[in-house]
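The exercises below concern one protein model. Work through each task before reading its solution.

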Amino acid sequence: MPFHPEEILFSPTTVCNLTCPHCDLRRSKEVLSLPDAKRFLIGCKKKGIDRLGFTGGEPFLAREFLYSITRFAVRKEFLFTRIVTNGVWYKNADDLRSCLERLFKSGYDGSFCLSVDAYHKQDMEKVACFIRVARSIWRRPDLVSIVYVTGRNNATKKKLSKLAGRLKARLRCFGTRYAHIRSDSIFIKIGKVDLSPVGKARRIKDPWDGRWFREDRCRGPG
C-alpha cells in the first residue's frame with residue numbers, strides 16, 4: 001500500500017535559544033512563510049490529512065506564525081497534536097503567560113512535548129514554570145509530556161528528579177515505557193528516543209562521538 005501521512009509537523013524556524021551537542025540543525029533567521037503554510041494546509045486537507053503539530057528549532061521563537069497558523073487551522077477544522085519545545089525560551093513569567101494565553105485564545109487545544117535531558121542546558125525552574133503556567137491556562141493534568149534522548153541516562157534521571165521536585169511531584173519508572181512524573185494535579189508521561197535511530201547510527205557503538213548524518217538533518221523551515 002502507498003504511504004499516506006496522517007499528520008503535519010511544521011518547523012516554522014530553525015532558530016533556537018539552546019545549543020545542544022546532539023543537534024546539527026542548520027540555523028537561519030528565515031521563518032516559514034505563512035501564505036505558503038496556509039496553501040500547504042489547504043492541500044493537505046484535500047488529501048484527508050487533518051492533524052497538525054509544530055517543532056523546530058524552537059517554535060516559540062516564531063510566535064506570530066504560531067498564532068496565525070493556529071487560527072487558520074481552527075477555521076479549516078484541523079486537529080492539533082503537539083508543540084515540541086525546550087520550555088525555556090521565554091524572558092520571564094509575564095512573557096511566558098502572555099505568549100501562552102495568546103496561543104490558547106488562538107484556539108490551540110493540543111499538547112506540549114518538552115525536550116529535557118542531560119544534553120539540553122535548561123534551568124529546571126524555568127521548565128517547571130512553563131509546566132505550571134501552561135497547566136493553569138489549559139487546565140489539563142496531562143497537557144505536557146517529556147521526551148529525552150538516551151545516552152546519559154543517569155544524569156538525565158537526576159535532572160528529571162529535580163524537575164519533579166520543583167513540581168512537588170515524583171519521578172516514577174524512569175527508563176521504562178511507563179516512566180512519568182506524577183502528583184495529585186499533573187501527569188507527565190516520559191518517552192525516550194535514541195540518537196539518530198536510522199541509517200548509519202545503528203552501527204555506532206557510542207553515538208555521542210560528535211558525528212551526525214546528512215540524511216538525518218532538517219535543512220530549514222518547512
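In this predicted model, 45% of the 222 residues of the protein count as buried.

**Exercise 1. Overall composition**

Task: State how many helices and strands the protein has, and in which pattern they follow along the sequence.

Solution. 
- Step 1: The count gives five helices and eight strands.
- Step 2: Along the sequence they are arranged as β-α-β-α-β-α-β-α-β-α-β-β-β.
- Step 3: Among contacts with a separation of 6 or more, 74% are between residues 24 or more positions apart.

**Exercise 2. Packing of α4 and α5**

Task: Describe how the axes of helix α4 and helix α5 are placed relative to each other, and classify the residues of their contact.

Solution. 
- Step 1: Two packed helices are described by the angle between their axes and the distance between the axes.
- Step 2: For α4 (residues 124–138) and α5 (residues 153–166), the axes come within 9 Å and cross at roughly 50 degrees.
- Step 3: Angles under 35 degrees count as roughly parallel and 65 to 115 as roughly perpendicular; α4 and α5 are therefore oblique to each other.
- Step 4: The crossing of α4 past α5 is right-handed.
- Step 5: On the α4 side the contact is made by Met-124, Glu-125, Val-127, Ala-128, Ile-131 and Arg-132, and on the α5 side by Lys-159, Lys-162, Leu-163 and Arg-166.
- Step 6: These residues of the contact divide into five nonpolar, five charged and no polar.

**Exercise 3. Backbone exceptions**

Task: Locate the cis peptide bond that involves Gly-57, and examine the positive phi values of Glu-77 and Arg-139.

Solution. 
- Step 1: Most residues other than glycine have a negative phi, and most peptide bonds are trans.
- Step 2: Gly-56 and Gly-57 are joined by a cis peptide bond with omega about 15 degrees.
- Step 3: Gly-57 lies in the loop between β2 (51–54) and α2 (63–75).
- Step 4: Glu-77 has a positive phi, near 65 degrees, and is placed in the loop between α2 and β3 (79–85).
- Step 5: Exposed means over 50% relative accessible area, so Glu-77, at 63% relative accessibility, counts as exposed.
- Step 6: Arg-139 has a positive phi near 55 degrees and sits in the loop between α4 and β5 (144–149).
- Step 7: With a relative accessible area of 66%, Arg-139 is exposed.

Terms used. Residues numbered from 1 in each chain as written. Predicted model: local features only at pLDDT ≥ 70, side-chain atom pairs only at ≥ 80, totals over all residues. Heavy atoms only, no water. Axes fitted to C-alpha atoms, helices over the stretch in contact; angles between N-to-C directions. Helix = DSSP H or I, 4+ residues; strand = E, 2+ residues; numbered from the N terminus. Parallel < 35°, antiparallel > 145°, perpendicular 65-115°, else oblique. Left-handed = near helix turned anticlockwise from the far one by under 90°. Contact = heavy atoms within 4.5 Å. Nonpolar A, V, L, I, M, F, W, Y, C, P; charged D, E, K, R; others polar. Buried < 20%, exposed > 50% of the residue type's maximum accessible area, 1.4 Å probe, protein only.
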